[in-house]
2 protein chains.
Amino acid sequence: MKNKKILRIIPIGGLGEVGKNMTLYEYGKDILIVDAGIMFPENDMIGIDYIIPDFYNYLADKKDRVRGIVFTHGHEDHIGAIQHVLEEINAPIYDTLLTRGLVEVKLNRHGLAGKADLRTVKAGERVQIGAFSVDFFHVCHSIPDGVGLGIETPAGLVVHTADYKFDHTPVDNWPTDYAKLAEFAQRGVLALLSDSTNATEPGWTKSERIIDQGLDQVFKKAKGRILVATFASLISRMQQVANAAERHGRKIAFTGRSMVDNMNMARELGYVDFPERLVISLEKSLSMPDNQVVLMCTGSQGEPRSIMGRLASGTNRKFDVREGDTIVLSSHPIPGNEEPVFRTINQLFRRGADVIYESIAPVHVSGHASQEEMKLLLHLVRPKHLIPIHGELRMLKQHAKLAEEVGVPAENIAVIENGQVIEFEDGKLHLKERVPGDYIFVDGTGVGNVDRSIVREREALGRDGVVVVNLKVNRQTGNLSGRPEITTRGFMLPEDLDAMLEKLTRQIQSTVSRSNGDLEYEVLRSLKSYLYQETKRNPFIFVTVSQN
Amino acid sequence: MKNKKILRIIPIGGLGEVGKNMTLYEYGKDILIVDAGIMFPENDMIGIDYIIPDFYNYLADKKDRVRGIVFTHGHEDHIGAIQHVLEEINAPIYDTLLTRGLVEVKLNRHGLAGKADLRTVKAGERVQIGAFSVDFFHVCHSIPDGVGLGIETPAGLVVHTADYKFDHTPVDNWPTDYAKLAEFAQRGVLALLSDSTNATEPGWTKSERIIDQGLDQVFKKAKGRILVATFASLISRMQQVANAAERHGRKIAFTGRSMVDNMNMARELGYVDFPERLVISLEKSLSMPDNQVVLMCTGSQGEPRSIMGRLASGTNRKFDVREGDTIVLSSHPIPGNEEPVFRTINQLFRRGADVIYESIAPVHVSGHASQEEMKLLLHLVRPKHLIPIHGELRMLKQHAKLAEEVGVPAENIAVIENGQVIEFEDGKLHLKERVPGDYIFVDGTGVGNVDRSIVREREALGRDGVVVVNLKVNRQTGNLSGRPEITTRGFMLPEDLDAMLEKLTRQIQSTVSRSNGDLEYEVLRSLKSYLYQETKRNPFIFVTVSQN
């Protein structure tokens, strides 16, 4: 066994999006972690703050084998769980300059600044991390300084693209590194793990550059202020909006802590470049003529506590929406988040703004490759095997179909799910055991102390509410002393409940009279069936009995 | 005042989609109700079954003035609230044959068959309903036998399209009635109320006919069974799938109560036409070779209790998904419902099926007009005023922009919200008072006994759960007798709670010792801050104290 050259790959986390938040590479006694991100909960994961990959299980007895953590780019779904990983694992972190900047902002917030061993890598460099010789190569995505990885091991070369697109005219003029992909092909690629997010999108994803035109259309027409909302991490969008402001004779102000932090960091590191005179303070902007101002802020997802969310609900402190404002949401709703985004748009319209969003004008493009780009990648890399990652099962299946179309044999494509261990030995792919590799809920300070069963309890509580009944029973007579105290939450309107109260009391009294055992349980059962019969609802009922 | 010719229009209900579920027309002492539908709750309306228009308020003292109820077509969002309306209002119902059929199915389920005064109208007919002379004219939509209305009153002619599209090649070969629209224009149209659903979609909505090609693509490739899921009311889709089955030498079976009911009704009324030999029973289909079978069922929205939902979760009784099945979801996710739909698709893939849906192949088209059709309608009808209906505010605003582009003066376009009373007098539009015209929650048997405040309580309950604490206090010593009983739901895992229990008990004991007033309140406050500090969660806490 000892001399066998076996490479193991395990995708973890990402809410069913395979390997979205983390992928483990294991060779001999060395483990490499690629990415450590978070996901936001689905609509039915009530009360959950965010979700992290369940690396705890698999790495429990292998923590000291982790030789390094590599981040492909600075988005939350790739770096957001770093503080949880560092609590368990002591290993150097490798990433590019901008990604490092974003990781540092995050570590500072968690009081971990200075504790992590951060090592900056440039795209084009090769780094030895344990048994893995890793080539970092540049990819375009909706954030600058993204990289893919060529991971060389004695068992073969694996190319891991994470999120990418082939933008010929990216805002930073730095296209995806075609030459490196071709070089990998010449070396011979054992397997490609690559982004499947847009596998159901035909054609070629539009270039970031077309947003310039979209912004020009909007800026030309706008008579009042222009407010642009996007993700705080969308660094290149800041550049595009600033350029548009400059072209149209406006000044730009940034507002919102994360946007300002990221903008300053990106400016210091040289990832954005604006003239000094272009950027003004929020305060300054509020006293200037409306048609000379652009405000850039967060809240493109309709988050209620973001600036745009507060503007929509009329609860922003420093300024309000004005009649005549033009508001641009330069983003795409996160899947499942359409309702709050559209609600925000409607509220902004109601406050007198004209709102421009993706369906109205080209003010956003996807950061992920579409079908023709996926085919191009396969032709450039010519992998022996394909493991589609970053996507729900339906997208991975579609990615597999595309790969078959361009000639990858079906038996060399592994559509897998999180926790599925893949082994490569002698150039062959083997599906091995499936390990726990799903996700863990984070709620408040609790990591993993809320699970599916608790979320189901929450659903049930939310569906029909709670009824608490406090009875006093006379020790002598065995009868109720006075009326039961009934408290409800989320059950029905108090006035409607009052109308039922007399019948309810009689029902309880009759149960108490007939009781010959566990009084609390009997009252609970009888109330449950009574309330269901009257309301067709199933609230959680608690009964407490005290004797006097 | 008495001789003034005033027409009042009031859109009601529809979850912010203006007039989606109901529109009232009022002239003198006569009221006409157009449509009475329901909406399904948004993701944050926890535990709500469905939503009905709040007609109760405005009609409270005007019930006897309602001269008729007109249904434009048989979709739930237009007919689903009929049983609630008939509880309050006694008026004849006017609709076309198929719509009547669907209304009757619904009335039967609510035990109201025979109680309603149903009057069948054919497209092309004119009916006098109180002061309203109503021309019914045919429109294409994603259900056959839809109509728009030309409502003539002494104050002028209003054209109300409800849902429509201009399909040149509809499945039933019955295009929208261009001639009637042109005739209205010649008579002079005071106002147009029309569908804004697709106001942000450029171009022209595709014809239902292209689905034939989509189905042919799928049927040609499929080697095993074919399962097609769609809405039970999508009658024309049943015809298209049956035709495809016939073309590809397969038999078709329908399954699911509402689908079978509607299919039989539509077949009897002549809205679908299949040869006898084509349709087989579900039982028969299960014993035939896979490649000779098509099954048609409900569940295209991922509803857990539908056939497709049960197939996805592996809980269907009569049959299961088989490796090699091809499953077609011939539908578009209802907005906000994307997560369950895509979850269902992923589960079906996991069970070995190949799943075809809108993003993969043209197996569904919208039933609503897109921008170029909206412009065509405006040119055909040449209304003096436009009142965009059927859409969120953002869509109405976009509809208004389109109308301005084709020459409707901005001051003649009224973008309004539900409950806004519009009056027309002497050909002029006046915005009058705003009346309660929103929506009412239906939950179990309760209509309106759950409101926004109760839903907010449910949200809070769902977010962090419930903690019930039952204390026994010794009357003599004033101290706790024994441990407090603590019951939780949706708060945290029992084992994690156990770890906190000792500290919790000490906390309560200390509060009890220091108490000099309202013990329940003091324990509640101290627990609340303790639990928040430990967990950063805010469960609902109930404290009951009994003395012994």
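Visitor: In which sense do strand 4 and strand 21 of chain B pair?

Guide: This is a predicted model, in which local features need pLDDT of at least 70, side-chain atom pairs count only at pLDDT 80 or more, and totals for chains, interfaces and linings use all residues. Residues are numbered from 1 along each chain as its sequence is written, chains are lettered from A in the order in which they are written, and side-chain values use heavy atoms, without hydrogens and water. Strands are DSSP runs (E, at least two residues), as helices are (H or I, at least four), numbered from the N terminus, and two strands pair if DSSP finds at least two bridges between them. Strand 4 of chain B and strand 21 (residues 439-443) of chain B have four bridges, and their sense is antiparallel.

Visitor: What is the relative accessible area of A:Ser359?

Guide: A:Ser359 lies in the loop between strand 17 (354-356) and helix 12 (371-381) of chain A. The residue is partly exposed, because its relative accessible area is 34%.

Visitor: How are the two copies related?

Guide: Superposed by least squares on the C-alpha atoms of residues with pLDDT of at least 70 in both, chain A can be laid on chain B with an RMSD of 0.1 Å, by a turn of 180° and a shift of 0.0 Å along the axis. The two copies are therefore related as by a two-fold rotation axis.

Notes. Buried means under 20% relative accessible area, exposed over 50%, partly exposed in between (1.4 Å probe, protein chains only).
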